[in-house]
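Here is a brief report on side-chain contacts. Look over the sequence and the model, then read on.

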Amino acid sequence: MSNHAQVPGEPTEITTSLVETATGAIQGFRPIKQIHEHLCAFHFYGYDMTRQVEAHHFCAHQNEEMRQCLIYDTPEADAKLIGLEYMISENLFLTLPDEEKPLWHSHLYEVKSGVLFMPRVPGPIERHGLDKVRKTYGKTIHFWQVDKGHNLPLGLPQLMMALTRDGQLDEELGRDVEKRFGVSFEKERAKRAELTGPTHGIHPLANGGGKGLIPKLREVDCKPADSVPRVFV
């Protein structure tokens, strides 16, 4: 269940709203307007599967093999922007260096189990979208630890992972999402039983290579600007 900690600060002023109305009419916001897809799923912290959060993906395609998603804690107007996810095809994933692959997670289980779905999208349209997602890999970073009740995005960016087998999803969290969105994961699982995953199978280095991963901060010498070589063309 999403945490609804109140963000500190004064209420938005009328003048700010008027400026936003004006800029909204003048500026294009073309990257945002490319968003065409809403996926709901669950993420857990790469080092702690007990910390799971509801994740609403609002996605736009770069091309047929890559989409990029803004991650919110709810689909409501006051939702917190908690992270980002990049989703790529199997073909692109296989081009990544081996040290990069563990940072990416597979989507096959999420799709087949029914826990990844498109809210309020008719079945045939949803199925077409999921046919693409089931063979992809995602790299997800969360900046806001809403499960801790933080009212601001505190701490280091966190690498997130996705569910890969039965028994991992927090049952209470799952039931809450099913109730609020009127879906049944078990019914969806039955409908998706014949779906297959990546052509070459899920890569063994994906999903953290089966291990937990956590970002760490360490101090280093900061290279002064005047030591950086300059290239003039």
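Which residue forms a salt bridge with Asp-166? The partner is Arg-189, with the closest N and O atoms 2.9 Å apart. A salt bridge here is a side-chain nitrogen of Lys or Arg within 4 Å of a carboxyl oxygen of Asp or Glu.

## Basis of the report

This is a predicted model: local features need pLDDT of at least 70, side-chain atom pairs count only at pLDDT 80 or more, and totals for chains, interfaces and linings use all residues. Residues are numbered from 1 along each chain as its sequence is written, and side-chain values use heavy atoms, with hydrogens and water left out.

## Salt bridges across the chain

The whole structure has 16 salt bridges. Return to Asp-166 and Arg-189, the pair named above. Asp-166 lies in the loop between β7 (158–161) and α6, Arg-189 lies in helix α7, and the two are 23 residues apart. Helices (H or I, at least four residues) and strands (E, at least two) are DSSP runs, numbered from the N terminus. Asp-166 is partly exposed, at a relative accessible area of 49%. Arg-189 is partly exposed too, at 27%. The classes are set by relative accessible area: buried is under 20%, exposed is over 50%, and partly exposed is in between (1.4 Å probe, protein chains only).

Lys-132 forms a salt bridge with Glu-64, and their closest N and O atoms are 2.8 Å apart. This pair links distant parts of the chain: Lys-132 is in helix α5, Glu-64 is in the loop between β2 (48–63) and β3 (66–72), and 68 residues separate them. Lys-132 is partly exposed at 38% relative accessibility. Glu-64 is exposed at 56%.

Glu-100 forms a salt bridge with Lys-139, the closest N and O atoms being 2.9 Å apart. Glu-100 sits in the loop between α3 (90–93) and β5 (105–106), and Lys-139 sits in strand β6 (residues 137–142), 39 residues apart. Glu-100 counts as buried, at 18% relative accessibility. Lys-139 counts as partly exposed, at 21%.

Salt bridges also form a network that links Glu-126, Glu-188, Lys-191 and Arg-192.

## Aromatic pairs

A pair of aromatic rings is described by the distance of the centres and the angle of the planes. Rings of Phe, Tyr and Trp (its six-membered ring) pair if their centres lie within 6.5 Å; planes under 30 degrees apart count as stacked, over 60 as edge-to-face and the rest as tilted. The structure holds six such pairs. In one of them, the ring centres of Phe-42 and Phe-185 are 6.1 Å apart and the planes are at 85°, so the pair is edge-to-face. Phe-42 is in strand β1 (residues 37–45) and Phe-185 is in helix α7 (residues 185–191), 143 residues apart. Phe-42 is buried at 1% relative accessible area. Phe-185 is buried at 7%.

Phe-117 and Phe-181 also pair edge-to-face, at 5.8 Å centre to centre and 65° between the planes. Phe-117 lies in the loop between α4 (108–113) and α5 (123–133) and Phe-181 in helix α6 (residues 171–181), so this pair ties together parts 64 residues apart in sequence. Both of these residues, Phe-117 and Phe-181, are buried. Phe-42, Phe-117, Phe-181 and Phe-185 form one aromatic cluster.

## Charges over rings

A charge sits over a ring if NZ of Lys or CZ of Arg is within 6 Å of the ring centre and within 35 degrees of the ring normal. The charged end of Arg-51 sits over the ring of Tyr-45, 3.7 Å from its centre. The charged end of Lys-80 sits over the ring of Trp-144, 5.9 Å from its centre.
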